[in-house]
Amino acid sequence: MRLFRSTVPLLVCAVAACSSPVAPRQGVTLLVVNERCATGRCDSLEVLAFPTVQPHTPGGLWHIDLGLMTSAQQCFILPAADSFVVSGPDGATVFSWSDAKGTRIAALPPNEAGLQAQPTSQVFVPAAAAGWKISVPTGTTLEAAASCSSGRGSVN
């Protein structure tokens, strides 16, 4: 009986430590500011999200393609969840991600191979705020922001 009483608090603490303090959230937005705009012309950039849940594969990092930006700023809606399947001789392994887990952002020219892309931003948990903002391609820091609409960069 003594062993049971001393074990229960440890199990409760272990379960609490494994649970995420942030619940998944639908419709989280990312306002991306294009640093490659000069005199009314902007270079196109492909915006990618890199979940922190990554398989160890030779083909590069798993990423979610958020879309192509061609303007000075653009709003993207982050997916609430996604998954990546790795098939092998012993079957398939599914890597699941939700916006309550960490991710990182990168932007690259559309003609650059996404397989070799690397995230440039810090890790953030999308569901921790209704919206986020980052400047690319050099941005490393994301800041919580008001949600934006999926129109080209307009803010609610």
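Two strands are said to pair if DSSP finds at least two bridges between them. The structure considered here is a predicted model, and its pairings are read with that rule.

Q: What makes β4 and β5 a pair, and in which sense do they run?
A: The rule asks for at least two bridges, and β4 and β5 have five bridges in the antiparallel sense, so they count as paired.

Q: What is the order of the strands in the open sheet of three strands?
A: The order is β5-β4-β9, with antiparallel pairing. Because β5 (64–69) and β9 each have a single partner strand, they stand at the edges, and one side of each is left without a neighbour in the sheet. From one strand to the next, the twist averages 20°.

Q: Why is strand β9 described as largely enclosed by the rest of the structure?
A: Buried means under 20% relative accessible area, and five of the six residues of strand β9, residues 103–108, are buried, so the strand is largely enclosed by the rest of the structure.

Q: What joins β7 to β8, and how many bridges do these strands share?
A: A hairpin joins β7 to β8 through two residues. Strand β7 (residues 81–88) and strand β8 (residues 91–98) pair in the antiparallel sense over eight bridges, and within β8 the bridge partner of Ala 81 is Ser 98.

Q: Why does Gln 74 count as buried, and what lies 3.5 Å from a polar atom of its side chain?
A: Gln 74, which lies in strand β6 (residues 73–77), has 9% relative accessibility, and because the cut-off for buried is under 20%, it counts as buried. The backbone oxygen of Leu 68 lies 3.5 Å from a polar atom of the Gln 74 side chain.

Q: Why is the link of Cys 37 and Cys 42 called a disulfide?
A: The sulfur atoms of Cys 37 and Cys 42 are 2.0 Å apart, and because a disulfide is a pair of cysteine sulfur atoms within 2.5 Å, the pair qualifies. With 110° about the S-S bond, this link is right-handed.

Q: Why do Cys 37 and Cys 42 carry the labels they do for accessibility?
A: At 28% relative accessibility, Cys 37 falls between the limits of 20% and 50% and so counts as partly exposed. Cys 42 has a relative accessible area of 19%, which is under 20%, and is therefore buried.

Q: What does the disulfide of Cys 75 and Cys 148 tie together?
A: The sulfur atoms of Cys 75 and Cys 148 are 2.0 Å apart, and the link is right-handed, with 80° about the S-S bond. Cys 75 lies in strand β6 and Cys 148 in the segment after β11 (143–145), so the pair ties together parts that are 73 residues apart in sequence. Both Cys 75 and Cys 148 are buried.

Q: How many disulfides does the rule give, and what is the pairing in sequence order?
A: The count comes to two disulfides, and with the bonded cysteines numbered in sequence order the pairing is 1-2, 3-4.

Definitions and conventions:
Residues numbered from 1 in each chain as written. Predicted model: local features only at pLDDT ≥ 70, side-chain atom pairs only at ≥ 80, totals over all residues. Heavy atoms only, no water. Helix = DSSP H or I, 4+ residues; strand = E, 2+ residues; numbered from the N terminus. Buried < 20%, exposed > 50% of the residue type's maximum accessible area, 1.4 Å probe, protein only. Polar contact = N/O pair within 3.5 Å; in protein donor to acceptor, adjacent residues only side chain to side chain. Axes fitted to C-alpha atoms, helices over the stretch in contact; angles between N-to-C directions.
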